[in-house]
Amino acid sequence: MAKLITDEQLAEQKSYIMKLKEDNMQYAQRNGRPRLALTETYGCQQNENDTERIRGMLCEAGFEFTDNSHLADVVIYNTCAVRENAEQKVFGRLGILKHIKEERRDMIIGVCGCMVQQEHITEKIKSVHEHVDLVFGTHALYRMPQLLYKAMHEKNTIIDIEASDGAIAEDIPIMRDDTKKAWVSVMYGCNNFCSYCIVPYVRGRERSRTPEAVLTEVRELVRSGCSEIALLGQNVNSYGKDLDTDIDFSDLMRMVNDIEGVERIRFMTSHPKDLSDKLIQTIAECDKVCKQLHLPFQAGSDKILEQMNRKYTKEEYLAKIDKVKKAIPDISLSTDVIVGFPTETNEDFEETLDVLRKAEFDNIFSFIYSRREGTPAAKLDFVLTDEEIHANFNKLLEVQNEISKRKNEAYVGRIERVLVDGTSKNDEAVLSGRCDSSKIVNFKGDKSLIGQYIDVRITEAHTWSLNGELVK
Ligand code: SAH
Ligand code: SF4
Ligand code: F3S
């Protein structure tokens with residue numbers, strides 16, 4: 001069982017939330033406006049979910065929110081370490097904030113999350129970005145109230161990146177972005193140590209929340225009007241292995257499926273090596289579980305898969321995909337792919353294309369390999385040049401775009417149930433939402449439909465989205 005952060009530890013943080021609140025009330029009286037906070041998220045859904053906790057704590061501490069860094073009294077960047085470009089973006093933003101802070105000396109700048117859980121990054125922030133007041137890693141999230149209070153009252157940079165095997169903090173306040181859809185973390189950390197990946201180093205070992213904690217959170221969400229639940233973990237198929245119950249992820253999903261008021265259940269991510277027949281059966285049988293599976297394969301060549309420490313072969317992966325398609329014929333499939341792993345040759349890359357052609361994913365998330373300090377793959381020499389890797393990446397997109405378009409075309413004429421998210425990015429007069437398989441559907445309709453499930457007839461397919469019309 002994972003260690004829980006104790007009630008005393010949580011109460012201590014609560015007391016700092018109260019202190020911050022008191023401070024903020026006095027500030028508002030003196031200045032005729034509340035203190036404003038700005039948060040930005042650079043990482044995955046788990047990172048987003050952490051930001052919702054950060055905003056929850058800030059909100060309870062009496063902060064209001066802004067999107068404008070020129071107005072913010074406190075800025076917190078929740079960072080990602082998975083690829084170099086995510087880190088560079090943060091350093092770029094910190095450079096801009098430096099100028100803003102020159103005009104507004106009492107502004108507090110905080111950097112938290114996966115990126116700063118790496119010592120060399122925190123060292124760089126200390127030496128190059130002295131205007132940063134607060135640095136805290138993923139394990140210190142629940143201690144943010146205390147750390148922020150210190151940062152606001154002390155001159156030196158407050159740093160808390162203590163490494164930990166990981167404990168679980170329940171009941172941290174939360175402020176969610178969406179009222180209809182919510183992320184619910186079922187576990188934290190990762191034990192897989194894929195050779196290219198930094199996540200296990202910055203997130204610690206796998207630890208599962210208890211079924212009671214997960215179900216209580218889902219019930220509360222439903223009570224507040226939420227109906228789409230996305231269960232989150234780096235590898236949800238390992239859920240429960242560290243608990244002293246027999247409940248695994250499939251069992252947990254069935255329990256969520258039984259909660260009245262839940263309309264849709266999504267989940268991510270599954271590691272192919274642990275995708276069990278039981279889970280496939282569960283997706284097939286549970287009416288609320290969306291017929292959608294994200295199953296990252298990363299690379300097609302057995303040599304590369306072995307060097308990546310993925311623990312499956314191309315044939316085993318494709319066999320699992322076949323099994324899923326047989327059990328759930330209308331399944332929508334997505335995956336993650338890395339192009340340009342150091343030892344990958346053009347022949348290896350052909351195997352990746354072969355997987356795309358055989359598996360026929362609805363969509364893919366593709367990445368150019370990024371060297372991560374401290375991981376085993378970082379020691380390997382590159383076989384291909386940057387140009388060759390980019391050419392392969394473009395080829396990958398070309399092959400997939402054709403498949404995505406074809407998969408979407410099969411939706412034309414179908415009636416899909418869509419949860420309306422808001423107006424379309426490109427056209428205010430058009431509504432946008434997602435169907436069961438998570439594809440984006442755009443259609444004309446009244447704004448009053450936002451937040452509702454409605455039937456839409458699909459009329460047109462694009463590579464990335466579908467167009468449709470309301471079913472009267
Ligand atoms: N736990 C999830 C995903 C974690 S990170 C899983 O295993 O599926 C999300 C994706 O980022 C990974 O699936 C992988 O495709 C990509 N990724 C991870 N490390 C990377 C690196 N060093 N360079 C490029 N892409 C990487
Ligand atoms: Fe990274 Fe592999 Fe863990 Fe996913 S399973 S988070 S890719 S180490
Ligand atoms: Fe997520 Fe990036 Fe951390 S992918 S777990 S925010 S390294």
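**Briefing: cavity, pocket, ligand shell and helix packing**

Asp50, Asn78, Cys112, Gly113, Phe136, Gly137, Thr138 and Leu141 line the largest cavity. The model is predicted: local features need pLDDT of at least 70, side-chain atom pairs count only at pLDDT 80 or more, and totals for chains, interfaces and linings use all residues. Residues are numbered from 1 along each chain as its sequence is written, chains are lettered from A and ligands numbered from 1 in the order in which they are written, and side-chain values use heavy atoms, leaving out hydrogens and water.

**Cavity**
- The structure holds one cavity of 30 Å³ or more.
- The volume of the largest cavity is about 40 Å³.
- A cavity is a set of points, on a 1 Å grid over the protein atoms alone, where a 1.4 Å probe fits but cannot get out; lining residues have an atom within 4 Å of a point.
- Grid points are joined across faces, edges and corners, and a volume is the space filled by probe spheres set on the points.
- The lining of the largest cavity has three nonpolar, four polar and one charged residues.
- Ala, Val, Leu, Ile, Met, Phe, Trp, Tyr, Cys and Pro count as nonpolar; Asp, Glu, Lys and Arg count as charged; the others, Gly among them, count as polar.

**Second largest pocket**
- The second largest pocket holds about 580 Å³ of space; a pocket is an open set with protein on both sides within 12 Å along at least five of seven lines.
- Its lining has 23 residues, and Lys101, Arg105, Asp106, Met107 and Ile108 lie nearest the centre.
- H1, helix H3 (84-103) and H5 each give two or more residues to this lining.
- By class, the lining of the second largest pocket has seven nonpolar, three polar and 13 charged residues.

**Ligand 2**
- Around ligand 2 are Cys190, Asn192, Phe193, Cys194, Tyr196, Cys197, Val199, Pro200, Gln234, His271 and Arg310, each with a heavy atom within 4 Å of the ligand.
- This shell has seven nonpolar, three polar and one charged residues.

**Helix packing**
- Helices (H or I, at least four residues) are DSSP runs, numbered from the N terminus.
- Axes are lines fitted to C-alpha atoms over the stretch in contact, and angles run from 0 to 180 degrees between N-to-C directions.
- The axes of H1 (residues 7-31) and H5 (residues 144-153) come within 7 Å and cross at roughly 40 degrees, so H1 is oblique to H5.
- Oblique covers the angles left after under 35 degrees (roughly parallel), over 145 (roughly antiparallel) and 65 to 115 (roughly perpendicular).
- H1 and H5 cross left-handed: the near helix is turned anticlockwise from the far one by less than a right angle.
- H2 (residues 45-60) packs on H5 at about 60 degrees, with axes 10 Å apart, so H2 is also oblique to H5.
- The crossing of H2 and H5 is right-handed, the clockwise case.
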